[in-house]
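Q: I would like to learn how to read the features of a protein model. Could you begin with the terms and then take me through the case at hand?

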Amino acid sequence: MSETTRRGRPRSAAADQAILEATRSLLGSGGYAGVSMEAVAAEAGVGKPTVYRRWASKAALVADAVLTSEAFGAWEQPEEPAGSGDVGHDVKAWLRAHAERMTAPGQIPLVLALAAAAAESPGGAGEPLYRRLTGPRHRALVARLEAGVAAGQLRAGRDLDAVADALIGALLYQLLTGNAAASAARAEDLVETVLEGFRPAPLAETAGRGRG
């Protein structure tokens, strides 16, 4: 038996692409719930075993379809918050920009599908989601908050990872609950509310406490 025979037939790049494109098409029309291995096979014009030989589960297939999409290529560029000197202004602008990018026409079904796949398979689809999308943004946001602490605009000794989680998590919550249209508009209020508890006390208030 030859080495080629032992390994089986090589994968067809054309079949791979057809399956991924079919998955993205189904996500766009019916969301995560509208995708099944049977439906993907029919849409791609391949047999169901061909799909299963490449992806063991729906979550893995959906994750790959989103992660290899042109839309994800744009999301994957983790723009860092600007350094204008005002941490509140910079974080508001950063969060608003991400909200607008993720809620652009045609993007919401992909974002929701990736979140659903990650929830269904945390160790599978969830790992690349964090490594390539959520993680870099979390680190960039924490770095800007740390700069705000160093500049005296935010109080030291606070859990900045928790602050970043709250801001990014609130944005994703808006998407998951069908309030995507409001997410960009609420970005400024969200940042102001979260950061309010981390700003240094006014000098007059601090002096008053000292006299008391």
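A: Let us begin with the term helix: helices are DSSP runs of H or I with at least four residues, strands are DSSP runs of E with at least two, and both are numbered from the N terminus. The model is a predicted one, in which local features need pLDDT of at least 70 and side-chain atom pairs count only at pLDDT 80 or more, while totals for chains, interfaces and linings use all residues. Residues are numbered from 1 along each chain as its sequence is written, and side-chain values use heavy atoms, with hydrogens and water left out.

Q: How many helices and strands does the protein have?

A: The protein has twelve helices and zero strands, and along the sequence the pattern reads α-α-α-α-α-α-α-α-α-α-α-α.

Q: Is D161 buried, partly exposed or exposed?

A: A residue is called buried under 20% relative accessible area, exposed over 50%, and partly exposed in between, using a 1.4 Å probe and protein chains only. D161 has a relative accessible area of 41% and is therefore partly exposed. R132, which sits in helix α9, is partly exposed because its relative accessible area is 23%. R101, in helix α7, has 23% relative accessibility and so counts as partly exposed. For the protein, 38% of the 212 residues count as buried.

Q: Which residues does D161 touch, if residues up to four places away in sequence are not counted?

A: Contact means that heavy atoms lie within 4.5 Å. By that criterion, and leaving out residues up to four places away in sequence, D161 touches H138 and V142. For R132 and L67, 65 residues apart along the chain, the C-alpha separation is 8.8 Å, and for R101 and A71, 30 residues apart, the corresponding value is 9.5 Å. Among contacts between residues at least 6 apart in sequence, 68% join residues at least 24 apart.

Q: How should I read the packing of two helices, and at what angle do the axes of α9 and α10 cross?

A: Axes are lines fitted to C-alpha atoms, for helices over the stretch in contact, and angles between N-to-C directions run from 0 to 180 degrees. Angles under 35 degrees count as roughly parallel, over 145 as roughly antiparallel, 65 to 115 as roughly perpendicular, and the rest as oblique. The axes of α9 and α10 come within 9 Å and cross at roughly 125°, and the two helices are therefore oblique to each other. In this contact R137, H138, L141, V142, L145, E146 and V149 of α9 meet L160, D161, V163, A164, D165, L167 and I168 of α10.

Q: What classes of residue make up the contact of α9 with α10?

A: Ala, Val, Leu, Ile, Met, Phe, Trp, Tyr, Cys and Pro count as nonpolar, Asp, Glu, Lys and Arg as charged, and the others, Gly among them, as polar. The contact of α9 with α10 has nine nonpolar, one polar and four charged residues.

Q: How does α7 lie relative to α10 and to α9?

A: The axes of α7 (residues 87-102) and α10 (residues 160-176) come within 11 Å and cross at roughly 30°, and these helices are therefore roughly parallel. V91, W94, L95, H98, A99 and M102 of α7 meet L167, I168, L171, L172 and L175 of α10, a contact with ten nonpolar, one polar and no charged residues. By comparison, α7 and α9 pack at an angle of about 165° with their axes 9 Å apart, which makes α7 roughly antiparallel to α9. Here V87, D90, V91, W94, H98 and R101 of α7 meet R137, L141, R144, L145 and G148 of α9, and these residues divide into five nonpolar, two polar and four charged.

Q: Which residues have the most contacts inside the largest nonpolar core?

A: In soluble globular proteins, nonpolar side chains tend to be buried together. A nonpolar core is a set of buried Ala, Val, Leu, Ile, Met, Phe, Trp, Tyr and Cys residues joined through side-chain atoms within 4.5 Å. The largest one here has 30 residues, and those with the most contacts inside it are I19, L27, V40, V51, L61, V62 and L114. The largest share of this core, seven residues, comes from α5.
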